[in-house]
Each structure stands twice: as C-alpha cells, then as structure tokens.
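Dear colleague,

Please find below the structure that I am handing over to you. My notes on what was found in it follow directly after.

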Amino acid sequence: MLAGSVLACSVLAAASGCGLTSGSPMVDNVEPGTIGRGRPLEGADLTVTSKEFTEQLVLGAIMGIAFQAAGADVLDRTGIQGSVGTRAAVENGDADAAYEYTGTAWITYLGHNRPIPDPREQWQAVHDQDLRHGITWLTPSSLNNTYALATNRAHHAEYGTNTLSEVAALSKRDPGAVTLCVEGEFANRADGLPGMEKAYGMHVPARNITQMDTGIIYTQTAKGVCTFGEVYTTDGRIKSMDLVVMKDDRRFFPNYNAAPMVRTATLEKWPAIVSVLDPVTRALDNDVAQDLNAKVDVDGQDPHQVALDWMKEKGFVTAG
C-alpha cells in the first residue's frame with residue numbers, strides 16, 4: 001500500500017500535488033557554533049523537507065540551519081502535506097533528509113501492526129529495515145510525539161486520575177464521568193481509541209465521545225467540556241492551557257521519537273552530516289518541543305524564526 005501511495009505521490013509531484021517541486025533556498029546568515037566547525041559540508045547542496053504541522057516545520061528549519069552553519073547550500077522543501085509525501089521526497093531523491101518519527105516509519109512506511117515498546121529497540125528496528133530502502137536513520141531524540149489523554153486541573157482534582165489505568169477504573173466505577181474529545185482519526189485507528197480501550201479494558205459509550213478538530217480539543221478540554229481530551233505529548237498547548245497528561249502506564253501507544261531520516265547515498269557523500277546533527281538531536285526532548293511549539297501555536301511566532309532563535313540560544317550556531 002505504501003509503494004502505491006509513493007508512486008501516486010511521485011506522479012502527482014509533476015503537478016505539484018505533493019509539494020515536491022516547490023522550494024526556496026534557506027538564507028540564514030549563520031556561522032558554526034558548537035556544530036559545523038571547519039564547515040565540513042562546504043560544497044554540499046542539500047534539500048530538507050518536513051510535514052506541514054508546527055513541530056515538523058520547526059524541526060525542518062532546525063535541520064536546515066544546522067546544515068547551513070556547516071557550509072551547505074540548503075533548499076527548503078518543508079511543509080509537505082502528509083507523511084507519505086514527505087517520505088516519498090526522501091526515498092525518491094527529491095529531498096536529502098527530514099526529521100521523522102520512529103512509530104510512523106514502523107507502522108505507516110514499513111507496514112507493521114504492533115509497535116515495539118522499548119523506544120531504542122523501536123528505533124533500531126526501523127534503522128535496520130529502512131537500510132534496504134536507501135534510508136539511514138541517525139541517532140534518535142527523546143522527543144516522543146505520541147498520543148495521550150489529558151484533563152484540566154479541576155477534573156484532575158475531582159477524579160484524581162494520573163494514569164490511563166485509573167481512567168479505565170473510573171469509566172467502570174462512574175461511566176458518566178469519562179467523556180472524551182477526540183479527532184476522527186484517533187477514534188478509529190488501531191493505535192488510537194479502539195486499541196487503547198482494548199489494552200486497558202475500558203469501554204466508553206459512543207454518546208460520551210465527541211469528535212472534533214485538533215485545536216478545538218485543547219480548548220474544550222481546558223474548559224472542561226470533556227473530562228479527557230486526546231492530545232499530542234509535545235504540543236505547546238498542554239503547558240499553556242495547564243492540562244494534566246495521563247501516563248500510558250501499560251505502554252500502549254507507539255513510540256514516536258523524532259530522528260533524522262537521511263538518504264543513504266547523501267550520507268555516503270557527506271558523512272559529516274552525522275556529527276552536525278547528532279548534538280542537535282540529543283538536545284530535543286518533550287519539554288523543548290512543547291516550548292518551541294507554543295511559541296508558534298500560542299504566541300504566533302514564525303516557525304523558522306523560532307528554530308533559528310533556539311539554535312542560537314543553545315550555541316549550536318552563531319550569527320554571521
């Protein structure tokens with residue numbers, strides 16, 4: 001199914017249907033800081049891509065800025081709609097690298113049904129299997145953008161739930177207490193609500209489930225319209241709206257650790273990509289992601305500028 005989607009996307013690219021033919025040079029005036037010393041990517045022409053949502057736009061910019069500081073000329077093809085288009089760009093050579101999520105690769109690209117609970121083992125399995133597709137995965141971050149349920153402070157105080165097992169117990173003890181705001185996709189995915197209910201022995205009646213767009217879920221959960229809302233663990237609105245995230249104590253949800261996904265041919269030509277990206281990737285975690293995402297989604301800042309400010313703040317790059 002993935003191969004068919006990639007082929008379709010490649011055909012559509014000629015008509016700009018997948019966003020693969022667009023792009024403009026990154027022109028950040030940056031110099032090496034703690035990365036890129038000696039400008040080991042001098043002479044490289046590298047294309048960076050990403051998906052279209054906030055975190056991906058920030059991560060794509062971070063990668064491009066790192067490459068520029070190391071001396072590369074960088075073409076910006078971030079903001080492709082959907083996972084398959086981004087993957088196709090790297091796999092087909094329309095792009096050289098992207099930050100991708102291990103769970104997405106394992107389930108969506110490599111076609112597995114069951115995630116691997118240990119995050120390092122999940123990354124290793126993706127790394128090993130993707131080599132045959134001409135893709136090399138570099139060191140993963142601890143940034144794990146996976147699903148979760150969250151509640152507001154009032155409901156947290158009232159019901160005292162901190163884990164999904166406790167939410168399941170509450171649903172049995174007081175069925176009317178557990179109401180959910182979720183996306184339509186989450187409501188139907190095997191790694192979403194149906195699988196979560198099965199894993200935790202939970203049953204939430206359909207009348208207690210409201211489907212809505214992602215952004216609305218956060219505001220409605222914060223207002224207490226639903227007891228629990230589906231959230232992404234790195235979303236900046238969790239902090240800004242003071243939501244409490246339920247721990248996935250049975251480790252049901254897949255690990256979606258962000259890691260650089262690089263064309264193997266590109267890496268063989270420019271092996272310094274590893275030393276340029278590894279320190280940056282190691283600095284990425286959920287707290288960092290929530291802060292960076294909030295600057296965009298809550299404060300209204302530009303994703304590229306947010307990435308540039310962070311890279312300078314961390315000392316990875318300096319102003320040119």
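Strands E7 (residues 147-151) and E10 (residues 228-232) are paired in the antiparallel sense, with four bridges between them. Within this pair, Leu-149 lies opposite Glu-230 of E10. Both strands belong to an open sheet of five strands, ordered E9-E8-E10-E7-E11, whose pairing is mixed. The edges of this sheet are formed by E9 (209-211) and E11 (244-245); each has a single partner strand, so one side of each is left without a neighbour in the sheet. When you look along these strands, please bear a general point in mind: in a regular strand, the side chains alternate between the two faces of the sheet.

Please note that the model is a predicted one. The pLDDT averages 92 over the protein, and 93% of the residues score at least 70. Residues 1-21, however, have a pLDDT below 50, and this stretch makes 26 contacts in the model beyond near neighbours in sequence. Where pLDDT is low, the predicted coordinates should not be read in detail.

Strand E3 (residues 45-51) runs parallel to E4 and is joined to it by six bridges. In this pairing, Val-48 is found opposite Asp-76 of E4. Opposite Pro-25 stands Leu-75 of E4.

Helix H2 also deserves a note for its packing. Two packed helices are described by the angle between their axes and the distance between the axes. For H2 (residues 54-69) and H14 (residues 286-297), the angle is about 110° and the axes are 9 Å apart. Angles of 65 to 115 degrees count as roughly perpendicular, and H2 and H14 are therefore roughly perpendicular to each other. On the H2 side, the contact is made by Thr-54, Glu-55, Val-58 and Ile-62, while H14 contributes Ala-289, Leu-292, Asn-293, Val-296 and Asp-297. Five of the residues in this contact between H2 and H14 are nonpolar, two are polar and two are charged.

Yours sincerely,
A colleague

Technical notes. Residues numbered from 1 in each chain as written. Predicted model: local features only at pLDDT ≥ 70, side-chain atom pairs only at ≥ 80, totals over all residues. Heavy atoms only, no water. Axes fitted to C-alpha atoms, helices over the stretch in contact; angles between N-to-C directions. Helix = DSSP H or I, 4+ residues; strand = E, 2+ residues; numbered from the N terminus. Parallel < 35°, antiparallel > 145°, perpendicular 65-115°, else oblique. Contact = heavy atoms within 4.5 Å. Nonpolar A, V, L, I, M, F, W, Y, C, P; charged D, E, K, R; others polar. Pairing = 2+ DSSP bridges. pLDDT = per-residue confidence, 0-100.
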